[in-house]
Amino acid sequence: MKERENFGSRIGMLMAMVGSAVGLGNIWRFPFLVGEYGGAAFIFVYIICVIILSLPIMFSEFIIGRRSKSNAFRAYVKLTDKKIWKYVGGLTVFIPLFILAYYNVIGGWSLDYFFKACTLSFTGDVDSASLSALFGNFISSPWKPAVSLILFFTITAIIVYMGVKDGIEKFGKIMMPILFFVMLAIAIWVMMLPGASEGIKYLFKPDFSKITPQVCIAAMGQAFFSLSLGAGTIMTYASYVKKEENICASSIKIALLDMMFAIIAGSAIMPAAFAFGIDPGQGPGLVFETLPFIFSKIPLGAPVAILFFASVFVAALTSTISQMEVGVAYLVEEKKMSRRKACTTLFAIISVIGIICTLSFGPLSGVKIFGKGIFDTFDNIAANGLLPLSGLLASIFVGWIMPKADTLDGFSSGGSQKFNVKIYPAVRFLIRYIAPAGIIVIAIANIFF
Ligand code: PHE
């Protein structure tokens, strides 16, 4: 059998993982959740969740992926003979494809907004009402968002078809830094606006009385979603990672960078929303209504808008690539499909589901499942249900099923990283007890309170 590919360079693999992690979750999802769930209190719980839940689970996924050197399905099957884990493997492959279906919707929106930026739609005589109408008309159209979605997804599929090294590495390396600096510049400009201070307070001064079980589950869901955890992506990428790579250092770097992106995106959007009188709790449209308004006001708004939406588009793309890669690796390695057939099969099925999701902002807006639209239901099931569940199972697997010696070996690259060996007892405690208990407590609190 052909040897599995390894990442060409160290920075390449880190970038690909950061590429998977940093995406619409940071730029689109984080700000609107912050607006919906009470600002700084949400951010506070989110950061705690990243540290005590996400990090141990990221270590677990790294250990599973690298030790098994397999796709997310085979990983579990290879490391234990207990049959039940086969289903966990199956679930882990299913989840990113489920997310991909509705993530493509927002990927399509960002592509469309890139085109809008190129045709100077955010310059001249625009106000927040006209931008809101522009957005509303677009998402409720029966065909426009579907066309954008297909275009966006086609680009993802072609890159995935091209393979791990060529496709993914080059992209991440160039565009991530661009996105970072554009967002930082926007955030600095926005923070200096008159009237921004309310927004800054809202972001950074927590009102602890706002913390409810609903805030906790949304923050936990975001802590998984944003770091691509529970979705087999880190596991799949980790399976391509060389043995010497330091799991602990890489995970912390990825988590820190990802958090920084989210906080900067929040800092660009929230103060602006307050300064311009835009409702921060309006939901998924927040970024698409607030930022174009900023672009219409700042110096050099037109080129900045183009650069911004181009980089959001790429950030979304590096995330969808990682989601699709999980399914493709499974179909190629387990079902012996050609890479091409795997890509086209997934493309066909996931496009149809994605189009149904786009229609939930238009012709299907009346369809409600337990009071939520189709798109929101997908997002809710994925982030607040499937990801924490699968993360929980990964931590149980590493903490309770795998032999301790193997997990230590994985975490410390065969004992060669002395620092990792030293902290392993604490890490193991987090993996075995704290992460699973935290997830279970938050889930139960949500059901009963
Ligand atoms: N982490 C990505 C983001 O923040 C989304 C993602 C979720 C990617 C799950 C892969 C798997 O946009």
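Here is a chat about the ligand site, the pocket and the cavities.

Reply: Happy to, and please keep in mind that this is a predicted model.

Me: Great. How many residues surround the ligand, and which are the closest?

Reply: The ligand has 16 residues around it, and Ala-21, Gly-25, Tyr-103, Phe-225 and Ser-228 are the closest.

Me: What lies 2.4 Å from an oxygen atom of the ligand?

Reply: That would be an N or O atom in the side chain of Tyr-103.

Me: And how much of the ligand does the protein bury?

Reply: The protein buries 100% of the 330 Å² that the ligand exposes when taken alone.

Me: Which helices each supply at least two residues of the shell around the ligand?

Reply: Helix H1 (10-21), helix H2 (24-36), helix H5 (84-118), helix H10 (213-226) and helix H14 (301-334) each do.

Me: How does that shell divide by class?

Reply: The shell around the ligand has ten polar residues, six nonpolar and no charged ones.

Me: Where does the ligand sit?

Reply: The ligand is in the largest cavity. That cavity holds about 120 Å³ of space.

Me: Nice. Which residues lie nearest the centre of the largest cavity?

Reply: Of its 16 lining residues, Ser-20, Tyr-103, Phe-225, Ser-228 and Gln-323 lie nearest the centre. H1, H5, H10 and H14 are the elements that give two or more residues to this lining. By class, the lining of the largest cavity has eight nonpolar, eight polar and no charged residues.

Me: How many cavities of 30 Å³ or more are there in the whole structure?

Reply: The search finds two. The second largest cavity has about 40 Å³ of space.

Me: What lines the second largest cavity?

Reply: Its lining is made of Ile-27, Met-183, Ile-186, Ala-265, Ala-268, Ile-269, Leu-291 and Phe-308. Helix H8 (164-191) and helix H12 (247-276) are the elements that give two or more residues to that lining. H12 gives the most, with three residues.

Me: Changing topic: what is the volume of the largest pocket?

Reply: The largest pocket has a volume of about 370 Å³. It is lined by 17 residues, with Tyr-37, Lys-372, Asp-376, Asn-380 and Asn-384 closest to its centre.

Me: Which elements give two or more residues to that lining?

Reply: For the largest pocket they are H2, H10, helix H16 (374-401) and helix H18 (418-448).

Me: Last one: how many residues of the lining of the largest pocket are charged?

Reply: Five are charged, alongside eight nonpolar and four polar residues.

How values were computed. Residues are numbered from 1 along each chain as its sequence is written. This is a predicted model: local features need pLDDT of at least 70, side-chain atom pairs count only at pLDDT 80 or more; totals for chains, interfaces and linings use all residues. Side-chain values use heavy atoms; hydrogens and water are left out. A residue is near a molecule or strand if one of its heavy atoms lies within 4 Å of it. A polar contact is a pair of N or O atoms within 3.5 Å; within protein, one must be able to donate a hydrogen and the other to accept it, and residues adjacent in sequence count only if both atoms are side-chain atoms. Accessible areas come from the Shrake-Rupley method with a 1.4 Å probe; for residues, only the protein chains shown count as cover. On a 1 Å grid over the protein atoms alone, a cavity is a set of points where a 1.4 Å probe fits but cannot get out, and a pocket is an open set with protein on both sides within 12 Å along at least five of seven lines; lining residues have an atom within 4 Å of a point. A molecule sits in a cavity or pocket if more than half of its atoms lie within 2 Å of its grid points. Helices (H or I, at least four residues) and strands (E, at least two) are DSSP runs, numbered from the N terminus. Ala, Val, Leu, Ile, Met, Phe, Trp, Tyr, Cys and Pro count as nonpolar, Asp, Glu, Lys and Arg as charged, and the others, Gly among them, as polar. Grid points are joined across faces, edges and corners, and a volume is the space filled by probe spheres set on the points.
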